[in-house]
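Try each task first, then follow the solution step by step.

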Amino acid sequence: MNFLNVQEAIDQRRAVRSYTAEVPSNEVIAEVARLALEAPSAFNIQMRDLVVVRDTEQKQKLFDASGQQQFLDAPVVFVCVGRSEVMPDDAEDILGAERVAGIGGIRSRMSESALREAGLKDALLLAGFLLVAAQSVGLATSPTTGWDEEKVKAAIGLAGRSDRSIGLVVAAGYPNEAPTHPGRAANRLVAESF
Ligand SMILES: Cc1cc2nc3c(=O)[nH]c(=O)nc-3n(C[C@H](O)[C@H](O)[C@H](O)COP(=O)(O)O)c2cc1C
């Protein structure tokens, strides 16, 4: 597999909503997922999951949840899911019993909305890594938040789950368009001069 370096991947990434018929190999998808899941998370308890959707029926449901054509057209759609249980079942394997007790104490005092927000932060950072990782192996992506959250959850088998939230839904495939850089405002960098 050939990779762009990080600078190239960030500079070349653009929101791309049209894809060729070429389907990324399992190897490519697995590598993008692996790199995305290298994203850091609060306490390293990884309160996010990455769901890979390739099934036509599921993609149709994502379209129905959003009206976004790229979910139908893309060979793969990644759904970045936030988790908000106090502690995941595998926390002890990840952290060891002592740290689980400490972190569990902190998280058990958090409100439901704070737990949801923490899961979304982990999910969105995962999504950011995913966009760059996908670009680095030649895949173009369309990051989205324009959908009905409950319908997206239903599309991926999480109907009614109050302990799950949706951060970003990302369509991906080999690019069939070359959008220009839409530009960035200069005043979003707040710092003393370099
Ligand atoms: C959080 C977020 C939500 C977005 N939601 C949508 C969306 O629902 N549909 C869509 O077509 N593009 C969506 N976009 C893509 C943006 O419009 C696009 O990233 C932005 O215009 C900058 O262009 P660039 O990604 O090519 O640099 C979203 C991007 C982000 C980061």
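The model is predicted: local features need pLDDT of at least 70, side-chain atom pairs count only at pLDDT 80 or more, and totals for chains, interfaces and linings use all residues. Residues are numbered from 1 along each chain as its sequence is written, and side-chain values use heavy atoms, leaving out hydrogens and water.

**Exercise 1.** List the elements of the chain in order from the N terminus.

*Solution.* First count eight helices and four strands (DSSP runs: H or I of at least four residues, E of at least two, numbered from the N terminus). Next, read them off: α-α-β-α-α-β-α-α-α-β-α-β.

**Exercise 2.** Which residues of helix α2 are buried, and what do they pack against?

*Solution.* Begin with the cut-off: buried means under 20% relative accessible area (1.4 Å probe, protein chains only). Across the chain, buried residues make up 43% of the 194 residues. In α2 (residues 26-36), the buried ones are Val 28, Ile 29, Glu 31, Val 32, Ala 33 and Ala 36. Finally, look for contacts (heavy atoms within 4.5 Å): these buried residues of α2 pack against β1 (48-53), β2 (76-83) and α7 (112-136).

Key:
Buried < 20%, exposed > 50% of the residue type's maximum accessible area, 1.4 Å probe, protein only.
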